[in-house]
Amino acid sequence: MEFTKYQGLGNDFILVDNRHSTTPSLSPEEAVKLCDRHFGIGADGVIFALPGDENSDYTMRIFNSDGSEPQMCGNGIRCLARFLAKLEGIDTTEKSYRIQTLAGIIIPNLEAEGQVKVDMGTPFLLAKEIPTTLTKAEEKVIDQSLEVGDQSWLVTCVSMGNPHCITFVEDVAKIPLETIGPKFEHHAVFPERTNTEFIEVVRRDYLKMRVWERGAGITLACGTGACASVVAGVLTGHCDRLCTVELPGGCLTIEWSKKDNRLYMTGPAEEVFTGVID
Ligand SMILES: N[C@H](CCC[C@H](N)C(=O)O)C(=O)O
């Protein structure tokens with residue numbers, strides 16, 4: 001079976017042409033093996049291009065490198081859009097796709113210079129929508145205290161279809177991500193686990209972010225996390241609605257539109273190599 005490796009700011013994926021069937025051609029267990037960076041291809045996840053339905057061009061499903069299935073992946077859907085254009089034999093920069101995901105319809109638009117602009121939909125803020133039990137179901141979690149790893153953190157929770165727990169800190173470089181990340185991810189107040197972002201505000205329009213991802217650990221970038229972090233920054237008064245988010249793998253442009261309440265994310269997506277899985 002052929003695959004193509006793509007990466008979006010170093011958040012890397014194995015992409016599989018699954019247009020022939022509505023069932024992913026690899027199991028979560030097979031995905032785990034292929035994502036291994038020593039015994040497999042190496043990736044943060046496996047993304048399947050499945051047939052669309054009456055309301056979409058294609059369907060995206062993704063397995064994290066631990067085999068779990070998240071609702072959405074921002075860097076991944078930019079890679080999927082480029083992959084689809086390659087499969088369709090087009091290299092236009094004005095192509096957009098309606099992609100069905102577990103987070104609803106997401107719309108990536110191919111732009112010039114390898115950029116992809118994605119309509120990421122609206123954020124979800126109620127505790128029951130994250131989901132989290134940190135407060136009452138119908139309430140939001142904004143700058144709320146949470147004990148993690150013998151320390152008290154002020155967290156804000158935002159869902160982009162997948163859960164994010166965001167903390168603003170003085171210096172992201174000083175965060176011991178390897179030790180504190182898993183404690184956030186598996187905290188009892190997150191029944192579906194959570195992605196965990198630490199944000200340093202450089203300017204009101206420029207954030208520095210490091211991330212521990214649910215089901216993938218430390219990654220070089222997280223698109224849904226960058227969107228969730230701008231929403232959290234606006235809600236807590238730290239940043240403007242249009243921001244550059246600098247991640248270890250590079251920068252994303254994120255806008256939380258006042259007009260339609262939707263998040264727009266712009267960033268690169270690059271093919272790395274094509275291979276064959278025996
Ligand atoms: N690990 C995430 C999915 C991938 C999200 C991230 N890679 C992105 O670019 O949005 C989760 O389990 O919710």
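**Ligand shell and buried residues**

Reply: At least three residues from each of domain 1 (2-121 + 268-276) and domain 2 (127-261) belong to the shell around the ligand; the domain bounds come from an automatic or database domain assignment. The model is predicted: local features need pLDDT of at least 70, side-chain atom pairs count only at pLDDT 80 or more, and totals for chains, interfaces and linings use all residues. Residues are numbered from 1 along each chain as its sequence is written.

Me: Why is Asn11 called buried?

Reply: A residue is buried if 20 or more other C-beta atoms lie within 10 Å of its own, exposed if 12 or fewer, and partly exposed in between, with C-beta atoms placed from the backbone. Asn11 has 31 C-beta neighbours inside 10 Å and therefore counts as buried.

Me: What makes Asn75 buried?

Reply: Asn75 has 35 other C-beta atoms within 10 Å, so Asn75 is buried. Leaving aside residues up to four places away in sequence, Asn75 touches Asn11 and Gly223, among others; contact means that the C-beta atoms, placed from the backbone, lie within 7 Å.

Terms used: Two residues are in contact if their C-beta atoms, placed from the backbone, lie within 7 Å.
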